[in-house]
Amino acid sequence: MEESVKVPARSHVQKQGDPTVVPVRQRHSTKCAVRGAQLPDYELRTGHKLTDMEAEAQIGASPASAVSVIEFIEDIDFPAYSSSPSIDVVLRFRHYNGRDETLRLPRSELASPSKLIPRLIDKGAALSSSDKDALANLESQIPLARRKVTRETGWRNAFSCFVLPRRTIGQDRSLTFDLDSLMEPSHRGSARGSLKAWKSELEEPFAASSYLVFAAALAFAAPVVALLQIDETAVFHVFGESNAGKTLMLRAAESALGRASEDDLIRFNQTHAAFNDVISRYNGTLAPMNEMKTVASADLRKMLVNIAHVVTSGSGQNRSNYAKRDRELRLKKWHVIGMTNMEQSLDALMSGKRDAGERARHVDVPVPSVGEGGIFDRATKMKGRPRNASTLAQQVERAIEHNYGVAFPAFLSFLIRYRGTSKPRFQKDTETFIKKCAVAGGAWEERFARKFAFAYAGGRVAIRAGVLPVSERQLAHSCRSLYKRARASFTTPSEQAAKAMDELLGSLDDGRRFPVLEKSSVLSPDLASSCWGVRRTLPRLGPCLVVRPEHFQRLAGSDEAKKLMLAELASGNAYVPGHNGKSTRSVELKGMGRNRHLVFVMAALRALAERRTSAG
């Protein structure tokens, strides 16, 4: 039988005959009558589950004064920017409209009643002269309700617990997130429905979508990546037509952790400093970032660099020691895996000017067209009757509306319990995926494939935990499929250089691209405007290929590819650079306009062409 708390009736609020006994287990209700007033939703507001004794202190006997201390709050992060912990208090006071309200403030402010009175009045407190005199005694009040809070999410207490804004998971649940520190509400850690329903209702859509499986696997991989303290994480950019399901993919992954409406995804219409503050609150989890097109075009380059390097490296902006004494300005660190979406690829947004590091950190993943099913790339290959993509999308919508925040806690409970075996298996599965799937080509190819291997390894842990409704085969196919599509969506500088070199060496005898032009000849206007260069005999060098620098750059496709081409040509003694470190030489070609060109020895070029043909 439930324990009950007597609540005195107040005639101006309660009518005669109303019940005056309220079960303790109803203490979180916003309609619970306390002194005839509405009690603030303490447990839902703070995320702290009260004991029965604490509940009685919160909603039991009415306070002797109109203002009383009802809770101590210790900020455990405060020693990071101060010499001692920060103790806040929560005051309960009578509002002028009859309600009980609360005010949180540093405990030190209780020592100055003259400063406290204006704050209470500004909050609507109804204070009599005797109430004001009683404020001097607040400093001596010691409430039963006490809790420890943090402003950092993710693994805490030597990896024994995991903190989300609305929930702490693990062996030690005494630590909760400080919701009062958030300017906007967060629903990560909130829960609805059941794990069984979440899995069963998403099983069919997952079978029809490599993208949904991949995104969900990333959501489970993120805390393992954080547990292993992996230095470089990744952000995946899904791009394709509108209505292809890109945002739905992010929301389905987010539903593992909490409520997953579009409003619960990270928005881009904020400053870079604010963006880094938001990312830090996703520590140890997947950070779904929606609608990149809201970024102003002038800020897009800076934002993309911030995502590629700052988000994946896990550290925000460092400030002076003086500035870091402010808890809001301390150095923020995180381990997150991110996802962004837009109709355009990152390469298109950056006009192809992305270096190899950016490609490995912020990864383009193309989504099939709407006509091909969008994210439901396997809908037509399902056993039995193929499903329509729009029907599957509606099924996902219903599933995550009624069931969310139930998979991640179960997964973390498994991970904490089997941490000793899950960590090495995750690392082994990562290396297995790279060995089987990575394109041959050295360290960069392994680095790129590793980002997809995180999803594969994390998904396998989730399958063992019983929270991911797919088979091992489905998971492997999904991760391998998206890796191949991402890898095929661009060419690396080495691939660009190899392709351009083949085209250059295959055009040595092309009279339109490289007409013969001896010293006394003049190039016709038609050839001068269209040719890449000329064939010409030069003193002390013999027959040479003289190439216009702008055409060589265009042929290479990027600065990195150009450097690789020139390095290979120089190693084969085909490239003759200019004097004083210049890449071009002065060669007068009548009809060509400028006189500085790239010079290559024809005999060495032909020898290089033969070697490449024999090798390939």
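Biologist: How many residues of strand β17 (residues 362-366) are buried?

Modeller: Four of the five, so β17 is mostly covered. Buried means under 20% relative accessible area, exposed over 50%, partly exposed in between (1.4 Å probe, protein chains only). Strands (E, at least two residues) and helices (H or I, at least four) are DSSP runs, numbered from the N terminus. One caution: this is a predicted model, where local features need pLDDT of at least 70, side-chain atom pairs count only at pLDDT 80 or more, and totals for chains, interfaces and linings use all residues. Residues are numbered from 1 along each chain as its sequence is written, and side-chain values use heavy atoms, with hydrogens and water left out.

Biologist: Which strand order holds in the open sheet of five strands?

Modeller: Strands of a sheet pair through backbone hydrogen bonds, either parallel or antiparallel. Here the order is β14-β15-β16-β13-β17, and the pairing is parallel. Two strands pair if DSSP finds at least two bridges between them. β14 (266-267) and β17 are the edges, each pairing on one side only.

Biologist: How many bridges link strand β13 (residues 235-239) and β17?

Modeller: Five, in the parallel sense. Take Val-235 as a handle: its bridge partner in β17 is His-362.

Biologist: How many bridges join strand β15 (residues 286-290) to strand β16 (residues 337-342)?

Modeller: Four, and the pair is parallel. Start from Ala-287 there: Gly-338 is its bridge partner in β16.

Biologist: Which strands does α7 lie across?

Modeller: β13, β15 and β16. α7 runs at about 150° to β15. Axes are lines fitted to C-alpha atoms, for helices over the stretch in contact, and angles run from 0 to 180 degrees between N-to-C directions.

Biologist: At what angle do helix α6 (residues 210-227) and helix α7 (residues 246-254) pack?

Modeller: About 40°, with the axes 8 Å apart. Angles under 35 degrees count as roughly parallel, over 145 as roughly antiparallel, 65 to 115 as roughly perpendicular and the rest as oblique. α6 and α7 are therefore oblique to each other.

Biologist: Which residues of α6 and α7 make the contact?

Modeller: Contact means heavy atoms within 4.5 Å. α6 brings Tyr-211, Leu-212, Phe-214, Ala-215, Ala-216 and Ala-219. α7 answers with Leu-248, Met-249, Ala-252 and Ala-253. By class, that gives ten nonpolar residues, no polar and no charged. Ala, Val, Leu, Ile, Met, Phe, Trp, Tyr, Cys and Pro count as nonpolar, Asp, Glu, Lys and Arg as charged, and the others, Gly among them, as polar.

Biologist: At what angle do helix α17 (residues 493-505) and helix α21 (residues 602-615) pack?

Modeller: About 125°, with the axes 10 Å apart. That makes α17 oblique to α21. On the α17 side the contact uses Ala-498, Met-501, Asp-502 and Leu-505. On the α21 side it uses Leu-605, Leu-608, Ala-609 and Arg-612. The classes are six nonpolar, no polar and two charged.

Biologist: What is the order of the open sheet with three strands?

Modeller: β9-β10-β11, with antiparallel pairing. β9 (154-156) and β11 (167-170) are the edge strands, each pairing on one side only. Neighbouring strands in this sheet are turned by 30° against each other on average, direction ignored. β10 (residues 161-164) and β11 share four bridges. Val-163 stands opposite Thr-168 in β11. Helix α13 (residues 407-417) lies across β9, β10 and β11, at about 30° to β11.

Biologist: Is Lys-451 buried or exposed?

Modeller: Lys-451 counts as buried because its relative accessibility is 2%. Lys-451 sits in helix α15 (residues 443-465). Skip its neighbours within four places in sequence, and its contacts are Glu-232, Thr-233, Ala-234, Phe-236, Ala-360 and Arg-361. Ile-434 is 17 residues away from Lys-451 in sequence, and their C-alpha atoms are 9.4 Å apart.

Biologist: What is the phi of Ala-158?

Modeller: Near 55°, a positive value in a residue other than glycine. Ala-158 is in the loop between β9 and β10. With 66% relative accessibility, Ala-158 counts as exposed.

Biologist: And what phi does Asn-243 have?

Modeller: About 70°, positive although Asn-243 is not a glycine. Asn-243 lies in the loop between β13 and α7. Asn-243 counts as exposed because its relative accessibility is 72%.
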